[in-house]
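Here is a friendly walk through a structure you can turn on your screen as you read.

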Amino acid sequence: MTTLLDVRDLTVQFALPRQGFFGPRPVLEAVRQVSFSLEQGRALGIVGESGSGKTTTAMATIRLVEAAGGKVMFQGEDLLQLDDEAMRQRRRDVQLIFQDPYSSLNPRARVADIVREPMDLMEIGTPEERRARVTELFRLVGLRPDQLNLFPHQFSGGQRQRISIARALTTNPKLLVCDEPVSALDVAIQAQILNLLARLKAELGLSYLFISHDLGVVRHVCDDVAVMYLGKIVEMAPRDALFDAPQHPYTQALLSAAPSLARRKSRGYVRPVKISGDPPSPINPPKGCAFADRCPKAQEVCRKVQPVLEPHGPSRVACHFPG
Amino acid sequence: MTEATTFKAESPAREAWRMFRRNIPAVAGVIMLTGIVLATLWGTFFYDGNPYEIVWAPHEPPGVTPEFPLGTDYLGRDIFAGLIAGGGPTLAVGAAAAAITMVIGVSLGALAGFYGGWVDNLLMRITEFFQVLPTLLFAMVLVTLFSPTLFTIAMAIGVVSWPQTARLTRAEVMKIKELEYVTAARAIGARNRRIIWTVILPNAAPPLIVSATLTIGVAILFEAGLSFLGLGDPNTMSWGLMIGSNRAYILDAWWPVTFPGLAIFLTVFSVSLIGDGLNDAFNPKLRER
Amino acid sequence: MSALLQIEDLRVTFNTRYGPVTALDSVSLSVNAGETLGVVGESGCGKSITALSVMGLIPSPPGKIAGGAIRLAGEDLTQASEARMRALRGAEMAMIFQEPMTSLNPVFTVGDQIAEAIMLHQKVSADQAFRDAVALLDRVGIPSPDRRARDYPHQLSGGMRQRVMIAMAVSCRPKVLIADEPTTALDVTVQAQIFDLLNEIQRDFGAAIILITHDMGAISEMADRVAVMYAGRVIEQGRADDVLDLPQHPYTRGLISCIPALGKGEDTLREIPGVVPPLHMLGAGCAFADRCAYRAPRCDSEKPQLQAHGHHPVACHAVEEGRI
Amino acid sequence: MTPSYLLRRLFYGLLLMLGVVVLNFLLIRLAPGDPAVVIAGEMGGADEALLAAIRADYGLDKPVLTQLGIYIGNVLQGDLGQSFFFNQPVATLIGDRIGPTILLVLCAQVLSILLGVFLGVIAARKPNGVLSGFVSVFATIGYAVPVFWTGIMLIILFASVFPIFPVEGMQSVRLRDAGFMIRALDVAHHLVLPAFTLALIYLAQYARLSRASMLEVLGSDYIRTARAKGASERSVLFKHALRNASLPILTVAGLQFGNLISGALLVETVFNWPGMGRLAFDSILRRDYPTIMGVLFFASAMVVVANLLTDLSYRLADPRLRGKS
């Protein structure tokens, strides 16, 4: 197995509006020294709630958001060090699928042009070859070639997501970043898209960096899972280890909060792990563990010392009291 | 997955055009404006009546002498001839000023909205500065300082009117810039210039087209106001000037001021009917409410 | 036997640019005091329209209740005057909405907004109403309710805003509480808090809750009984255990098996092919026929009626004919 | 709203005014034509000696930057210079005329907002009703009519057909020595037509804007919440919706102020209203530079103040902006 992507200490900061007349500009650290790696042909899921920094992490990885520090080694090359033109050329290998199938396609372009555009930009093939490739991709993602000339608003949400996937596959990328690709879709359509993604991964040997808030979806698609909380990875493990034996109290809380058919009101189900409140503000993150205020296990040390990600069985956990 | 087959491939622009054609007031506006423009063209190139020539007794009421259907003014000049001759300069200045307004406003607004940061800051400060200057007063000063010709008048109107267009463009561009299809263009390796020209501007176009239409109307009113005050091009007849020069005698004769005013009104009215129609056509959802 | 809230044969139509469209077609539901009825379906199935019909908040025009009855403790709401509906809304029945971010008025404090709900239905002074509002905020688990009551909505998190909405909804102890996708816009840990709170409130106040959701997991955790809706009709209805464990309608079966489960599951999810047909394109037959593996000629020509079969009612020709 | 914010807005307003001064000054200096020749023309002759004397007198022989410095210094001390044409201090000229202009502009603004919003709100209740249609048509007409022509038409109407309102000036000569109340009523009587004429254009715009804004707000989730708690239709309309819908109206009211002053210029000319309009017109025709600069300065100052007030009231009306910088 070869490592496709190796991210080290990735940090993203956003400057906020100045406070007062000459005051300093406060900085929001959305992603705080995040490290992970992804093997060729595998899928890494990043789960977390809104504000956890999961999407920003993915966007910074492929340089659609500027990173403040760290390394993104893609096939042995640090993407963050490339100049604009070199990065532009690299984009043929790293592609992106968006959350919102309605706003991710240019409403004024025909879908055939949308799918063909990456080849135009990268100057791949002759016009005939490009056209043939678009038709081929349309079939691959389950659309009909007679729909090529339509406009995005003439498709349903699920179909648009297929178009988005076709566009991402045009240049034969190695890495596909999927940012909540099914969360805007109805469950029945979700299943169609998830099955398509699973099929493409197997057939084309793609690697996914898969962002989602939905644990069930991540379990279905991913081989490894990282859980983020307030800009940091708090637990990272192979899928089964994470779902069967979560080590971090936050992961446990997430799993116990996710609704599931197995939990039935009629059978007197009571949530085993309850956490209260909201995540703290990322503008002034707590000194110690960010989860301490909501954690049922928190001790004095948790509020003072920031835990680091350390191996614990098959998992890696950032917690003073894992398990 | 059969539902998409029931649609024909219809581009958003075509769809808007289909909506526009069905809008009766808008079509009426188009017809009216076409009539006015044709009459003006005819007046400019073929009509040989002289609007300055004293042809009859002063203050001949309309409808009395068939030769002068709209009557004569305080000097005995033919009002109909004035209307026909005055339309050209009024419309030309209006269109040119609107074009200048749009060019300045759209380019500055698009730059500010797309690049943000200090570019935005600087351009918006300039915009705010120009918005503080009272438009007509500032235009009067400009026209007087650089001597009133059709060109300087159009320039002056453009220079004082662009800030609103700039703000609108900036707001549109900023809104669209945040949408995922712009990120999508970046993700497949499109350069900034391509993103601005092929993604952002086409999508920002509908409100800008509506705004351009309405700007023509405002510019025509502006030109009329300047001419009314006597600050128009002294070498051309215009509707505003006709009103201004007959103003002292309104209690003796209503017609010399009424007809040019009606001409201005109808022109601007038809332009704004078209603008409203375009607005509805671009936003079919708003109309259904 | 008459339930607290009983919807009978409700029919709601909308005027659209495609002409009149039937958004709800012979919908019958009922819920008893202290019970939670889950209404589940995909977007556009009519579950929210059902809720708004009960509240008398169907935007009209273009919407119109074209037939049927909605009985709250015996009184038919479809016949009630607007003044009577105003007196009932917020007092006897209340509603919580999907978007806590936009459902509160941005220019008033949350305390004032709750106090307004109290004063609309009870003869109390403004001071007393505000004090009651603070007590309610405390009740729904908002820390330092005194201070929070003076906050504007934008100063609160999404979860807190939804708690405010719940406080407002229960301020007059309504008999029926309708929750329309109350947690869809919230994170999963906050969703769990809101669900737990709704259950507590129900225990304390004995209200009937109608929970509208697209999430079968939420139904499983919250509902005593379930109604599954598709394209404006109820297609299956029964006790939660029956419907979830022994679903009969092909659509319900598909809906349950296409959820990616938290536990170990199969590699490929069951799919329901195609999409929900737009309401203006519904034909004479079963709206699900196009997507159904058990489709027969009769399915295209005749709408199946909801009728008892096995443990619970279902509307499907194939079930009726024993083909499933 | 923090004091630091207020301070910053004030500072920014002053900066804008400084910009206006510099721009005016440069424009006039850079424009073709020699001011000294113009002044000499007013005095009835132009030989080189006289021109030189005038240049020395007005400081026109100094470098442009020095002249600018001197001018800004003078403005800061309240000295706007001496009018070439009227031969009076510019400050006095403007001081005599600014009151009537402010009166006219404010009346028109208040009239157009109150009436416009009222029309818009009742039109929004029935978006497809007769009144809604009327508001749309009326707004389009209001936008298309040249304001000076409306004024003239009203004069014709009220001078000859219904002589109930005076059509000229601000005061009746025969009442010049009457008591304050009588004179105030007399001014109000004279104000009716000009204020109405000026308000008419903007009235239509506000009606259309508030209709659209109300329609948007009425479709929002929190209105549904208000209805769900049993609020009456009137409370929904005027308490819950109008306050939110007024935010865009406030913005436009602020932005319109500059245009309103331009409109006032034309209306004053039509009705012989003794405001700054006539002064502006005369000084521009005579190239009376100190007066032009003074008029532009004061007109811009009015816009700056209006914008400042708009900004502050916007912050008061929208709690989301309070406490932010």
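Counted over all chains, the structure holds 60 salt bridges. Please keep in mind that this is a predicted model.

**A salt bridge within one helix**

- Arg133(A) and Glu136(A) form a salt bridge, and their closest N and O atoms are 3.2 Å apart.
- Both residues sit in helix H4 of chain A (residues 127–140), and because they are 3 residues apart there, about one helical turn separates them.
- Are the two partners buried or exposed? Arg133(A) counts as buried because its relative accessibility of 16% is under the 20% cut-off, whereas Glu136(A) is partly exposed at 46%.

**A salt bridge between chains**

- Lys239(D) and Glu116(C) meet through their side chains in a salt bridge, at 3.6 Å from N to O.
- Lys239(D) belongs to helix H10 of chain D (residues 233–271) and Glu116(C) to helix H3 of chain C (residues 110–121), so this pair joins two chains.
- On the chain D side, Lys239(D) is partly exposed, with a relative accessible area of 36%.
- On the chain C side, Glu116(C) counts as buried, at 7% relative accessibility.

- The side chains of Arg298(C) and Glu321(C) form a salt bridge with an N to O distance of 2.5 Å.
- This pair links distant parts of the chain, its members being 23 residues apart: Arg298(C) is in helix H11 (residues 297–301) of chain C, while Glu321(C) is in the segment after helix H12 (317–320).
- Arg298(C) counts as partly exposed at 25% relative accessibility, and Glu321(C) is partly exposed with a relative accessible area of 39%.
- Which residues make up the network of salt bridges that includes Arg298(C)? Arg298(C) is linked in it with Glu302(C), Glu320(C), Glu321(C) and Arg323(C).

- Two packed helices are described by the angle between their axes and the distance between the axes.
- H9(A) brings Tyr250(A), Leu254(A) and Ala257(A) to the contact, and H7(C) brings Val188(C), Thr189(C) and Ala192(C).
- By type, the residues of this contact are 5 nonpolar, 1 polar and no charged.

**Phe138(B) and its surroundings**

- Phe138(B) is part of helix H5 (residues 135–145) of chain B, and is buried, with a relative accessible area of 3%.
- How far apart in space are Phe138(B) and Val160(B)? Their C-alpha atoms lie 7.2 Å apart, while in sequence the two are 22 residues apart.

**Asn23(B) in a loop**

- Asn23(B) is in the loop between helix H1 (12–21) and helix H2 (24–45) of chain B.
- Asn23(B) counts as buried, at 11% relative accessibility.

Methods
Residues numbered from 1 in each chain as written. Chains lettered and ligands numbered in written order. Predicted model: local features only at pLDDT ≥ 70, side-chain atom pairs only at ≥ 80, totals over all residues. Heavy atoms only, no water. Contact = heavy atoms within 4.5 Å. Helix = DSSP H or I, 4+ residues; strand = E, 2+ residues; numbered from the N terminus. Nonpolar A, V, L, I, M, F, W, Y, C, P; charged D, E, K, R; others polar. Salt bridge = Lys/Arg side-chain N within 4 Å of Asp/Glu carboxyl O. Buried < 20%, exposed > 50% of the residue type's maximum accessible area, 1.4 Å probe, protein only.
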